[in-house]
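Please look through the sequence and the model shown here before reading on. The paragraphs that follow go from the overall fold to single residues and their partners.

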Amino acid sequence: MGEQPIFSTRAHVFQIDPNTKKNWVPTSKHAVTVSYFFDCTRNVYRIISLDGSKAIINSTITPNMTFTKTSQKFGQWADSRANTVYGLGFSSESNLAKFAEKFAEFKEAARIAKEKSQEKMELTSTPSQQESAPGDLQSPLTSESINGTEEGVTPDTTQHTEPRAEPSHNALPFSHSSSNINKHWEAELEALKGNNAKLTAALLESTANVKQWKQQLGAYQEEAERLHKRVTELECVSGQTTVIKSQKTELNQTIEELESALKAKEEELERLKAEVESANDFQSQKDSLTQKLQDMESRNQTLEAQLSDLEQRLESNQQEREAFRNSLRSLLELLDGKLFELTELRDTLGKLLENS
């Protein structure tokens with residue numbers, strides 16, 4: 001194809017809204033590859049970007065274009081041929097600066113190529129004009145040129161006949177030859193008039209044909225422009241083979257990464273399923289333990305009731321025992337008093353017995 005990518009980057013692609021001419025309309029859902037292409041056969045630089053198989057940017061760089069940075073990561077340029085304004089959003093300021101630098105470089109190269117092509121056209125057109133100059137002398141006869149010839153013929157014949165009228169002895173033969181010459185020139189004049197009429201008719205017909213040819217040429221030019229656009233689109237698709245291959249490699253890598261991530265997610269899902277199953281086992285164990293705990297709590301409540309009853313009984317027993325102790329203590333005191341009295345009585349009796 002003679003067209004190769006010379007610089008590529010990735011950016012989000014936008015186009016100006018054709019209705020409002022103010023809002024940006026995204027033409028790609030994610031960042032896509034934007035490439036500079038150079039056609040060495042035509043000395044043309046183009047900016048091309050594909051979203052899948054659709055060309056979302058196909059802009060030929062001309063010396064009149066200007067790339068404008070509207071923010072730290074966004075730039076735009078107007079394409080009069082496509083009748084739109086393209087915008088690119090980059091991931092970093094350095095990518096935007098690199099793209100703008102390449103745009104200025106290729107714009108200058110396009111200007112130089114255009115000047116060289118104009119110089120070549122001027123050099124080739126100068127000899128052709130010199131070659132066509134002698135041909136102007138052989139232009140077809142028009143009614144004006146034919147009429148001019150007629151006016152020039154008659155004076156020549158009169159000048160040619162008048163000097164020969166002087167000798168008297170040659171007057172008759174000369175008049176006879178003069179009449180033959182006049183007839184000859186009249187016949188030539190009639191023939192020239194006929195040719196003039198034919199050429200006039202041919203000129204009118206050729207003028208009508210020229211108008212028709214101009215219309216056909218306009219139609220052919222429109223068809224050629226349409227075919228050129230179609231060829232350009234096909235060149236975009238075919239010229240992006242390297243970019244598509246690189247995109248395919250990136251997609252394959254992305255697919256492999258997604259597959260590995262999916263495999264890891266599946267393993268994690270299996271682990272989570274095992275954890276869920278163990279959690280279910282734990283839940284069943286928890287339910288059984290909860291039931292046992294409830295049973296123990298009910299049993300504990302029963303035992304607490306029994307313990308409370310026993311405590312009450314123990315307290316009543318203690319009170320009874322304390323009362324019994326108090327009774328025994330009073331009885332012992334009484335008994336001690338009685339014993340003391342008996343002892344005193346025994347001692348008194350003993351003394352009485354000794355005295356007696």
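In which loop does K21 lie? K21 is in the loop between β1 (3-16) and β2 (24-26), and this residue has a positive phi of about 60 degrees although it is not a glycine. N43 likewise has a positive phi, near 55 degrees, in a residue other than glycine, and its place is the loop between β3 (32-39) and β4 (44-51). With a relative accessibility of 42%, N43 counts as partly exposed (buried means under 20% relative accessible area, exposed over 50%, and partly exposed in between, with a 1.4 Å probe and protein chains only).

The model is a predicted one, in which local features need pLDDT of at least 70 and side-chain atom pairs count only at pLDDT 80 or more, while totals for chains, interfaces and linings use all residues. Residues are numbered from 1 along each chain as its sequence is written, and side-chain values use heavy atoms, with hydrogens and water left out. The mean pLDDT, the predictor's confidence in each residue on a scale from 0 to 100, is 78 for the protein, and 79% of its residues reach 70 or more. Over residues 128-175, however, the pLDDT is below 50, and this stretch has 19 contacts in the model beyond near neighbours in sequence, a contact being heavy atoms within 4.5 Å.

The protein has four helices and eight strands, where helices (H or I, at least four residues) and strands (E, at least two) are DSSP runs numbered from the N terminus. Along the sequence they follow the pattern β-β-β-β-β-β-β-β-α-α-α-α. Of the 356 residues of the protein, 18% count as buried.

In soluble globular proteins, nonpolar side chains tend to be buried together. Leaving aside residues up to four places away in sequence, Y36 touches several residues, including I6, F7, I47, F99 and F103.

T62 lies in the loop between β5 and β6 (68-69) and is buried, at 17% relative accessibility; apart from residues up to four places away in sequence, T62 touches R81 and K107.

Side chains of opposite charge can pair when their charged atoms come close. Counting a salt bridge as a side-chain nitrogen of Lys or Arg within 4 Å of a carboxyl oxygen of Asp or Glu, the total comes to seven. E105 pairs with K102, their closest N and O atoms being 3.8 Å apart, and because these two are three residues apart in helix α1, they are separated by about one helical turn. In this pair E105 is partly exposed, with a relative accessible area of 44%, whereas K102 is buried at 17% relative accessibility. In helix α4 (residues 241-355), R271 and E268 are three residues apart, so that about one helical turn separates them, and their side chains meet in a salt bridge at 3.9 Å, N to O.
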